Amino acid sequence: MTDIKFTREGTGDPLVLIHGIGHQRSAWGDTFELLAEDFDVIAIDLPGFGRSPAPDQPHSYRLDSYVDQLEEFFAELGLDRPHVAGNSLGGLFALELAARGAVRTATAISPAGFWGPLGLANVIANLALMKASTYVPRAVLKVFSDKAFLRKVSLRALYSHPERVPADVAFDDALNLRNSPGFFPVAWYASRARYRGRPLVPVTIAWGTNDRLLLPSQATTAREALPTVSHLTLPGCGHVPMVDNPELVAGAIVQTVVQAADRAGEPLLHLTGA
């Protein structure tokens, strides 16, 4: 059994949303509501992050164990090969699920696992700085969360438009980054991760042109490694584009589903984004 906490809205085909390291389900911002117009959307907190407790034995913080836990979660909710979308580490998990054939489609947004030495060093430096900054007194965190111009400074590694993150969400995300028991063990395993799989289902990889965490050059690496999947550019978006441009991200996910259904000759759902 898993104890993954989640928020669920909408009707239609199930779509599971997976956040990145140090984040939580709030990472999806208004993209969640947009997708709920077309799908039965389930945004999760990964084990050890957000409101989900650390994984219990026999599970662990190993990345392959996370993918196992996600498959168990699907089974527990009665989801038969849902669509998935993931950001950053969640994007890597989406690709791993696609390689297992455990999902119908996967949309990976700035996925981890395509970095070289310099790209990995950039990730480690930025994550370490963000993590360290959360250990200031709560009152200081609150000030940086409440003021839009301070959010622009403190969250620039994640967003092109940090000021669009609501103050209460920014504060809760900072506390989550500080307190999540999964951060250090997952960072350890993730730093060694490289995506070597071959998706068995339709996949789209989307990358923001202003991504400061997983640099856009990694999109080129992903194109070279996976030339048969769809690749999209998200103009003007940062590492977490679900806040920078919710409509663009939701459209990319809908497009993945629509194109997959069209290729398979399946009837389309009532998709407002189709």
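This is a predicted model: local features need pLDDT of at least 70, side-chain atom pairs count only at pLDDT 80 or more; totals for chains, interfaces and linings use all residues.
The largest nonpolar core holds 81 residues. Leu17, Leu35, Ile44, Phe74, Phe93, Leu97 and Ile205 touch the most other members. Helix H3, residues 89-100, supplies the largest share of this core, with seven residues. In soluble globular proteins, nonpolar side chains tend to be buried together.

Nine of the 12 residues are buried, so H3 is largely enclosed by the rest of the structure. The buried residues are Leu89, Gly90, Gly91, Leu92, Phe93, Ala94, Leu95, Leu97 and Ala98. Their cover includes helices H2 (63-76) and H8 (183-190). It also includes strands E2 (14-18), E4 (83-87), E5 (106-109) and E6 (203-208). Leu97 shows contacts beyond its sequence neighbours: among the residues it touches are Ile18, Val67, Leu70, Phe74 and Val84. After H3 comes Gly101, with a positive phi near 70°.

Ala43 lies in strand E3, residues 40-44. Ala43 has a relative accessible area of 2%, under the 20% limit, so it is buried. Leaving out residues up to four places away in sequence, Ala43 touches Lys5, Phe6, Thr7, Leu17, Arg25 and Phe32. Asp172 is 129 residues from Ala43 along the chain, and their C-alpha atoms are 16 Å apart.

The whole structure contains nine salt bridges. Side chains of opposite charge can pair when their charged atoms come close. Asp45 is buried, at 1% relative accessible area.

Arg100 and Glu71 meet in another salt bridge, at 2.5 Å from N to O. The pair joins helix H3, which holds Arg100, to helix H2, which holds Glu71. Arg100 is partly exposed at 37% relative accessibility, and Glu71 is partly exposed at 30%. Through shared partners, Asp68, Glu71 and Arg100 form one salt-bridge network. Arg62 and Asp64 also form a salt bridge, with their closest N and O atoms 3.7 Å apart. Arg62 is partly exposed at 43%, as is Asp64 at 44%.

Nonpolar side chains also occur at the surface. Val140, Val143 and Phe144 form a nonpolar patch there, with about 210 Å² of accessible area together. Val140 belongs to helix H5, residues 138-146. Its relative accessibility is 34%, which counts as partly exposed.

Technical notes
Residues are numbered from 1 along each chain as its sequence is written. Side-chain values use heavy atoms; hydrogens and water are left out. Patches are made of residues with over 30% relative accessible area and no salt bridge: like charges are joined within 9 Å, nonpolar side chains (Val, Leu, Ile, Met, Phe, Trp, Tyr) within 5 Å. Accessible areas come from the Shrake-Rupley method with a 1.4 Å probe; for residues, only the protein chains shown count as cover. A salt bridge is a side-chain nitrogen of Lys or Arg within 4 Å of a carboxyl oxygen of Asp or Glu. Helices (H or I, at least four residues) and strands (E, at least two) are DSSP runs, numbered from the N terminus. Buried means under 20% relative accessible area, exposed over 50%, partly exposed in between (1.4 Å probe, protein chains only). Contact means heavy atoms within 4.5 Å. A nonpolar core is a set of buried Ala, Val, Leu, Ile, Met, Phe, Trp, Tyr and Cys residues joined through side-chain atoms within 4.5 Å.
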